[in-house]
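User: I'm new to this one and would like to learn how to read a helix in its surroundings. Can you walk me through it?

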Amino acid sequence: MLPEATSVWSWWRSTSNKADETSRNILTIFVPLFIVFWFIFAVRKQNKEKPPLPPGPRGLPLVGYLPFLDSNLHHCFKKMASLYGPIFRFRLGSEECIVVSSPSLVKEVVRDHDVVFANRAPLIAAKSLLFGSLDIAFSDYGVEWRKMRKIFATEMLSNARLDASYYLRKQHVKKMMNETYEKAGQLVNIGDLAFLTLVGSVMNMVWGDTLKGDEGSVMDSEFRAVVDEQLKLLGAPNISDFFPLLARFDLQGIQRRMRIISKRNEEIYDKAINHHNAGESIQRKDFLGHLMQLTKCEDHARSLTLPQVKAMLIDVVVGGTDTTVAMVEWVMAEILQHPEVLRKVQEELTEIVGLNKTVEEVHLPELKYLNAVAKESLRLHPPIPLLVPHCPSEPSTIGGYSIPKGARVFLNLYTIQRDPHNWEDPLLFKPERFLSGSAAEKTDYLGNHFQYLPFGSGRRMCPGIPLAERTTMLVLASMLHGFQWKLPNGTVEVDLSEKFGIVVKKSKPLFAVPSPRLSNLDLYSYNN
Ligand code: HEM
């Protein structure tokens, strides 16, 4: 090969006759031209083979589409889907965003390409709170995430564990019944009532009665304030998330505030952990006890570090309070503006539970109508209407469009669950559609029906469903069994406007007036 190349080279240099010179000139012109054309052809071919990006608005230089977004992001995405179709794209600062709004395309993301789309793009506030996303909700898909999910399902939320910790939840429901009874005939803020009961139940499950007496109640109220602030900061839009170059200036001070509150949060957890280590409670049924045992485990496949334990407990508190509170408030709002539904729910409760008893968890699976009411409310008012954004770990293709690696992918279930192509009379509140013999009878929370995904679907779907179902249904059933509820001053309509945040809530609190329904007043008593 080398001698041949050398002889061509020497012919090129030393050519002397006219014919050789003409050939050399022709070659000098055509070879580079050929190379240039070949290169252009190859690049075009490659671009032709790569599918286009999804359609979408152009936006402005630098900021992208940021100035045009509505604060109710889910409403804005619904309008954009009607303009640009079931998959569209836009830019927010330097972030590429993709919105998917049809069941068949959601299926492509969470079934056909589930592993590729199983990463997250955590916000700065979440990273500050969760020791750099050491938790389940914001860590990338991988060995540690798989281990934590497994522990979550087996050590914390298995049926056996949840049965064993029932008494911890029940205490707070009894307290709620008692406090509501004391307020009979007065205006009650349903969201506040649900918040106190559900946060109390979750905290009881997180560390049980680790801290008792005054120390316990000081910690309880401090912890509630800390959780409230964390949720606010997690839901606040942060410029630093979209303009990484500005992140170090923390222009809105969100990261600084989150660091301060996280420090306080950690001190509270440390206190609970120290008491646990001191062996103050022996026969514990709470999550902290179970997780602390795993910090001493030798088997790496099951062992947890202390920061992982704290991050998982934060997931329970953050993932399991605002969502469930919002759900209870939405269900009550829909029930109160549909008196016929309220009547049917209470008839069912009277038949299954009886007016001489309070609701227990064993009754819940039998409350078919109340379950249908809850499903219908989650269809119209999913607390997390765009899921937690998924993030592809490599370039991918969805619906024939290119999805760049690292894009934020929103699964727009708010639009899907209100789309007339997927649901008959989609804007009407009709629990009957989920009852036996109806079209959506088999639709459940497990993410197998892509037109109904209030808890997500695929690998990253919500692992808290068993706890969410037990806590919300017990609170709702107890509120509705224990009390007759009336809207204030003869109002018949409830304002159902929404406020977008980490969880979508009612923009105006729901007030109603309770009156006792049960025959025996002892059923409302509560002894701490
Ligand atoms: C009504 C109540 C609840 C609703 C509507 C809800 C909804 C959701 C949704 C939509 C996701 C995102 C799924 C996705 O990105 O595909 C999620 C994730 C998550 N939820 Fe829930 N959730 C609720 C209650 C709970 C509870 C009680 C817990 C804890 C005990 C919990 C813990 C989590 C965690 C840890 C994740 C992250 C999962 C992961 O990224 O692997 N959730 N939830």
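**Reading helix H15**

User: What covers the buried residues of H15?

Analyst: Cover is about contact, meaning heavy atoms within 4.5 Å, and buried means under 20% relative accessible area, exposed over 50%, with a 1.4 Å probe and protein chains only. Here the cover includes helix H14 (306–336), helix H16 (368–380), helix H18 (465–482) and strand S9 (483–486). This is a predicted model, where local features need pLDDT of at least 70 and side-chain atom pairs count only at pLDDT 80 or more, while totals for chains, interfaces and linings use all residues. Residues are numbered from 1 along each chain as its sequence is written, and side-chain values use heavy atoms, leaving out hydrogens and water.

User: Which residues of H15 are buried?

Analyst: They're Val341, Leu342, Val345, Gln346, Glu348 and Leu349. Because they cover an arc of only 155 degrees around the axis, they sit on the same side of H15; the arc is taken from directions running from the helix axis to the C-beta atoms.

User: Which exposed residues does the face turned away carry?

Analyst: Pro339 and Glu351 are the exposed ones there.

User: How many residues does H15 have, and what span does it reach?

Analyst: Helices are DSSP runs (H or I, at least four residues), strands are E runs of at least two, and both are numbered from the N terminus. The expected span is 1.5 Å times one less than the number of residues. H15 (residues 339–352) has 14 residues and reaches 20 Å from first C-alpha to last, close to the 20 Å expected. Just after H15, Gly354 takes a positive phi of about 95 degrees.
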